[in-house]
Amino acid sequence: MIRSPGATESRLLNGAEAWQQGQPASAAFQGALVLQAARMALPWRLRDNAAQVSDLGGASASPGKSVRTLEWPVREGIKLIIEIDPDSRLILRSRGILTINNSSMEFATGYEDYRLVDGRRVALTERHFAMGQYIGSTRLETVEFPAMLPAPTFSPEPAALRHMTQAAQR
């Protein structure tokens, strides 16, 4: 669930299926959700998928600032390029590239204002870009790491459940 001033949006990704506001999502939106999910807990995802991650070496991020660049092919048509500060080892930016029907879209996120939360470094500010255009920021006010999540946390909404049931009956 995403809440912003004046709006609430429901997004759900469960395996190869995705929903937005309880309705089946388009292929492009499903790919964007896969990228969004891949970005969550990115250091752990890179560790867990280390066999698929390629080290592209050093690059220049800005004048006088170098980064270490990694590439992770998340799945067919979806990859992440990750830029890491070689000194602090913090992720500075991720670029998700989604390719559908030989057409590519790029979604980038810059990570800023890292703070220590329960022994973990967390970027409290994210700046988001789509196709090179700034589209907004996310500012985390609080961060929690619960030991367990309630059972319905990753269950589809009723409309999405009806769609799954109808699809299974076909």
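Among contacts in the chain between residues at least 6 apart in sequence, 28% join residues at least 24 apart. The model is predicted. The chain has three helices and 12 strands, and of its 170 residues 29% count as buried.

**Three-stranded sheet**

- Strands E3, E4 and E5 make an open sheet in the order E3-E4-E5, and the pairing is antiparallel.
- E3 and strand E5 (23–24) are the edge strands, each with a single partner strand, so one side of each has no neighbour in the sheet.
- Helix H1 (residues 27–39) packs on this sheet and touches E3 and E4; the direction of H1 makes about 80° with that of E3.
- Strand E3 (residues 11–14) pairs with strand E4 (residues 17–20) in the antiparallel sense, over four bridges.
- Within that pairing, Arg 11 has Gln 20 in E4 as its bridge partner.
- E3 and E4 form a hairpin with two residues between them, and Gly 15 in the turn has a positive phi of about 65°.
- E4 and E5 run antiparallel and are joined by two bridges; here Trp 19 has Pro 24 in E5 as its bridge partner.

**Seven-stranded sheet**

- Another open sheet consists of seven strands in the order E6-E7-E8-E9-E10-E11-E12, with antiparallel pairing.
- Its edges are strand E6 (54–62) and strand E12 (133–139); each has a single partner strand, so one side of each is left without a neighbour in the sheet.
- From one strand to the next, the twist averages 25°.
- Strand E10 (residues 103–117) and strand E11 (residues 120–130) run antiparallel and are joined by 10 bridges.
- In this pairing the bridge partner of Ala 108 is Phe 129 in E11.
- H1 also lies across strand E7 (65–75), strand E8 (78–84), strand E9 (91–100), E10 and E11. Relative to E9, H1 runs at about 155°.

**Nonpolar core**

- In soluble globular proteins, nonpolar side chains tend to be buried together.
- The largest nonpolar core has 15 residues, of which Leu 42, Leu 46, Trp 72, Leu 80, Ile 82 and Ile 91 touch the most other members.
- Two or more residues of this core come from each of H1, helix H2 (42–48), E7, E8 and E9.
- E8 gives the largest share of the core, four residues.
- Leaving aside residues up to four places away in sequence, Leu 46 touches Val 53, Leu 70, Trp 72 and Ile 82.

**Aromatic rings**

- A pair of aromatic rings is described by the distance of the centres and the angle of the planes.
- The count of aromatic pairs comes to one. In this pair, the ring centres of Phe 129 and Tyr 134 are 5.6 Å apart and the planes stand at 65°; over 60 degrees counts as edge-to-face, so the pair is edge-to-face.
- Arg 120 lies over the face of Phe 145, 4.0 Å from the ring centre.

Note on methods:
Residues numbered from 1 in each chain as written. Predicted model: local features only at pLDDT ≥ 70, side-chain atom pairs only at ≥ 80, totals over all residues. Heavy atoms only, no water. Pairing = 2+ DSSP bridges. Contact = heavy atoms within 4.5 Å. Axes fitted to C-alpha atoms, helices over the stretch in contact; angles between N-to-C directions. Phe/Tyr/Trp six-rings, centres within 6.5 Å; stacked < 30°, edge-to-face > 60°. Lys NZ or Arg CZ within 6 Å of the ring centre and 35° of its normal. Core = buried A, V, L, I, M, F, W, Y, C linked by side-chain atoms within 4.5 Å. Buried < 20%, exposed > 50% of the residue type's maximum accessible area, 1.4 Å probe, protein only.
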